[in-house]
Amino acid sequence: MRQVVLDTETTGLEWKSGNRVVEIGCVELLERRPTGRTFQRYLNPDRDFEPGAQEVTGLSREFLADKPGFAEVADEFLAFIEGAELIIHNAAFDLGFLDAELARLEGRGKVLDRCTVEDTLLLARERYPGQRNSLDALCKRLGVDNSQRQLHGALLDAQILADVYIALTSGQGEITFADASGSATTATEAATIGMSAADAARRPRVRVTPEDAAAHARRLALLAKKSGRCLWQESEARAGAGVDAGD
């Protein structure tokens with residue numbers, strides 16, 4: 001599955017008031033692992049910031065004066081997110097602003113014409129009802145390092161959100177194994193609680209040689225002989241027969 005973790009920074013809180021996007025940041029995940037591909041652009045909003053918004057982002061009209069407008073990067077941005085599942089924290093906010101930007105252009109439609117969306121704020125509220133579920137609160141709760149987040153930046157926040165999303169949905173991930181020939185297979189991951197996206201990307205592939213497999217089988221047979229029963233051996237036998245180990 002291809003996913004794109006997305007964040008935006010804006011001149012204010014309401015797109016209906018004419019506020020504009022000033023930064024887009026995206027991080028690509030493939031099978032829940034960072035690929036290293038990112039998309040980040042600063043944008044000239046052609047308007048002033050609302051009070052407080054400039055302090056949150058650290059951006060200014062002067063810094064953004066020579067940056068492209070949204071229309072100049074729209075096609076590149078849409079190509080990057082095309083067909084992906086977007087991971088967004090408080091998706092209604094970002095989608096509202098992006099759709100407002102697209103509405104100023106002819107024939108671009110809306111973001112959801114091209115993508116599906118997973119809202120991590122809704123996921124967090126389901127998992128932690130009644131608790132604070134801001135990005136910073138989730139970082140603290142899930143052990144994600146956000147020490148570099150002195151100001152809001154779209155790309156940095158997308159990178160942090162990628163870590164939060166993987167930790168928040170731990171148990172749904174996959175760990176990669178490879179046989180002796182190097183052919184990769186996948187199995188359900190059950191040990192990534194608290195693992196960051198960067199750590200997950202660095203996990204080595206486990207290569208099982210025929211000798212290792214034979215030694216493993218002999219060890220299980222010995223355990224079964226000594227104890228009269230070996231649950232691991234029975235579980236592997238059921239798996240080999242195509243029976244769910246939980247049955």
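This is a predicted model: local features need pLDDT of at least 70, side-chain atom pairs count only at pLDDT 80 or more; totals for chains, interfaces and linings use all residues.
Reader: How many aromatic pairs does the model have?

Author: Happy to start there! Rings pair if their centres lie within 6.5 Å. By this rule the count is five.

Reader: Are the rings of Tyr-42 and Phe-63 stacked or edge-to-face?

Author: Their centres are 5.1 Å apart, and their planes meet at 85°. Planes over 60 degrees apart count as edge-to-face. So the pair of Tyr-42 and Phe-63 is edge-to-face.

Reader: How many residues apart are Tyr-42 and Phe-63?

Author: Tyr-42 belongs to strand S3 (residues 33–42), while Phe-63 belongs to helix H2 (residues 61–64). The pair links distant parts of the chain, and the two are 21 residues apart.

Reader: Is Phe-63 buried, exposed or partly exposed?

Author: Buried means under 20% relative accessible area, and exposed means over 50%. Phe-63 has a relative accessible area of 37%, so Phe-63 is partly exposed.

Reader: Which residue lies over the face of Phe-39?

Author: Good one to finish on! Phe-39 is linked by ring pairs into a cluster with Phe-70, Phe-77 and Phe-80. At 4.7 Å from the ring centre of Phe-39, over its face, lies Arg-41.

Methods
Residues are numbered from 1 along each chain as its sequence is written. Side-chain values use heavy atoms; hydrogens and water are left out. Rings of Phe, Tyr and Trp (its six-membered ring) pair if their centres lie within 6.5 Å; planes under 30 degrees apart count as stacked, over 60 as edge-to-face and the rest as tilted. Helices (H or I, at least four residues) and strands (E, at least two) are DSSP runs, numbered from the N terminus. Buried means under 20% relative accessible area, exposed over 50%, partly exposed in between (1.4 Å probe, protein chains only). A charge sits over a ring if NZ of Lys or CZ of Arg is within 6 Å of the ring centre and within 35 degrees of the ring normal.
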